[in-house]
Amino acid sequence: MATKTKSKVAKPVRRASPPKARPVAKARKLSGEVYYPSKKVIEQARLKDWDKLAKSAKKDLRGFWEAEANELEWFGKWKKVLDDSKKPFYKWFTGAKVNIVHNAVDRHLKSYRKNKLALIWESEDGKDHRSFSYFGLNRQVVRMANVIKSMGVKKGDRVTIYMGRIPEIVFAMLACAKIGAIHSVVFGGFSVDSLAGRIEDSKSKLVITCDGSFQNGKIVQLKSIVDDSLKRCPAVENVIVVKRVGNEVNMETGRDHWYHELLETPIADGKCETVQMDAEDPLFILYTSGSTGKPKAILHTHGGYMVGTYSTLKYVFDIQDDDRWWCTADPGWITGHSYIVYGPMLNGATSFLFEGGPSYPEPNRWWQVIERYGITIFYTAPTAIRGLMRFGDSWPSKHDLSSLRLLGTVGEPINPEAWRWYHRVIGGEKLPIMDTWWQTETGAFMITPTPVVPLKPGSGTRPFFGQEAEIVDEQGKTVGDDTEGYLVLKNPWPAMLRTIYGDDERYVTQYWSKYPGKYTTGDSAKRDKDGYFWIIGRVDDVIKVSGHRLGTAEVESALVSHPAVAEAAAIGLPHEIKGQGIYTFVLLRAGKVASAELAEELRQHVATHIGPIARPEEVRFVDKLPKTRSGKIMRRVLKARAQGLPEGDISTLEE
Ligand code: WTA
């Protein structure tokens, strides 16, 4: 010990320049269009040697995740890092006691972060601003938690949250987690059918909503959508309504309560314990569209999800104490859960939440916000980039974007043209773009670079530490370089879904049966000879519309609920801005006549039932749908026909 101290004092290391950081990857020559990280980026990055960490995590998966978990606080430590005795029902940090809110909020109150901004919010019209230090955030979460508890909600109960992008949605999520209730957030852009189905399936007793939300200057009547949904969900006992837009709403006595009135009662005051949970206790469910049937509830847990979101954000976006992080997603999707709320707060970061969209009232709105708040890391979706790119460079160039130091994208493949625009115009040709591939099911980034990894436009580069991905054929055999196949993940990871809530069997068949021992992602992809992954798209009946995940089955069942429709099929086709658009084929009931007006009515019908994001681009009337002899619609054939492509193997076609 003494010698060590002595040598430290005696031999100061003098360097003319900072230590030379050489990511090993740079030594290799990569093929194609490659963007190497600048010296400045490498100097700034917390993790300089990607290869070294990747190698050690590959050798010792448990060791890697255990070290990550040790950076957070636990009420009681785990007996096992990973229990894989009941595959594919993996368990992480078994025996440990924890609560994600203890790490996302409570623990910061003991440090200087108590006074650091946790959340900054701006309204759509730019006239309202609210910000909360970690101290202030905790106050809000405690008050909301006390109110939720007063409604009889207990550990393990489900609470549906259906709101606009306002700070109270964050408080509501954290408040549920704090008391051990399971939150089920439903995207505020969904409508009656989607909301009712999710409330019913989750058996929520409480719904938290707002009177309305703003969208492009118009009011979305959230409360009346809740009212309509609850006609089908009599089990809901209470509704908490946050006043946001100040419109007239129906309040049902005994069931509906204004949040601001509850806050004025003694109920809200006083302390609220953060409940000690088992690491494997449920944190939330989030409904997402699968290959068939109704949306399914993906279940995430306190311990593993916490470690996964903490660690991925730390390494991939290199979150530092003075950063101002902005993820433009909606809290109602997994991206908002993991990277507006939990990931940033677990890292003690400042997270920015914006109520509005990218181009209202004008296409400079986001760039204005970056300048106004000094955003340093900006994370958005390719569809938004393509949409904004269309308005030209003059909008971003009106604003000083020099606070930015890192960029990111998520949700769908980014086309190289959009990547280059983002890189050149928003990133000034200097900022690395983290193209993060992941899913509701994975909870956290899975295939992603970190700032020191050389980038190729359109590729998410390589799997995150501890993960290995593979491209396989129908039989599960690994395919060669640059060959399209199914993307599978080989290793378990802490933030993985634990099951489909209430349907263990579907969890096994959906994700683990096609290639035993491997997780089926539902995506097709290629791997190049540098080991970089290139996502092509979904191979199942999921459509990514503007990065939003929808199922063909949802659109089809909305269509057949219209009295004129006998049968319907929906497919996703390439769309310049949205990535994919929804195209539908409709067979009318006898006596109904096809017309442009009816097509328009059906498009509107889908928007009213599911939500405006599901509005089909086109409704085409047909006499017949291609089906297999067992009666399954062959969407693959419809897709090929619509694009004028070969129809492939049609031996099972009924005609
Ligand atoms: C797609 C969103 C290409 C993919 C976090 C995946 C991506 C689905 C990327 C999951 C990306 C997500 N590049 N495709 N960077 N990120 N996807 O559950 O098809 O809404 O399977 O989660 O989005 O969508 P989800």
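In what order do the strands of the open sheet of eight strands come? The order is E12-E11-E8-E6-E7-E14-E15-E23, and the pairing is mixed. The model you are looking at is predicted, with local features needing pLDDT of at least 70 and side-chain atom pairs counting only at pLDDT 80 or more, while totals for chains, interfaces and linings use all residues. Residues are numbered from 1 along each chain as its sequence is written, and side-chain values use heavy atoms, leaving out hydrogens and water.

**A few terms first**
- Helices (H or I, at least four residues) and strands (E, at least two) are DSSP runs, numbered from the N terminus.
- Two strands pair if DSSP finds at least two bridges between them.
- Axes are lines fitted to C-alpha atoms, for helices over the stretch in contact, and angles run from 0 to 180 degrees between N-to-C directions.

- Strands E14 (residues 282-288) and E15 (residues 296-301) run antiparallel and are joined by six bridges.
- Pro-282 has Thr-301 in E15 as its bridge partner.
- Helix H13 (residues 334-346) lies across strand E7 (182-185), E14 and E15, and runs at about 140° to E14.

**The sheet of seven strands**
- Another open sheet, with mixed pairing, has seven strands in the order E5-E4-E17-E16-E18-E19-E20.
- Here the edge strands are E5 (129-133) and E20 (433-436), each of which pairs on one side only.
- On average, neighbouring strands of this sheet are turned by 20° against each other, direction ignored.
- Five bridges connect E4 (residues 117-122) with E5, and the two run antiparallel.

**A closer look at Glu-122**
- Glu-122 belongs to strand E4 and stands opposite His-129 in E5.
- Glu-122 counts as buried (under 20% relative accessible area, with a 1.4 Å probe and protein chains only) because its relative accessibility is 0%.
- Leaving aside neighbours within four places in sequence, the contacts of Glu-122 (heavy atoms within 4.5 Å) include Phe-352, Arg-365, Arg-372 and Tyr-373.

- The axes of H15 (residues 382-389) and H17 (residues 416-426) come within 10 Å and cross at roughly 75°.
- That makes the two helices H15 and H17 roughly perpendicular, a label for angles of 65 to 115 degrees.
- From H15, Ile-385, Arg-386, Leu-388 and Met-389 meet Glu-417, Ala-418, Trp-421 and Tyr-422 of H17.

How values were computed
Parallel < 35°, antiparallel > 145°, perpendicular 65-115°, else oblique. Buried < 20%, exposed > 50% of the residue type's maximum accessible area, 1.4 Å probe, protein only.
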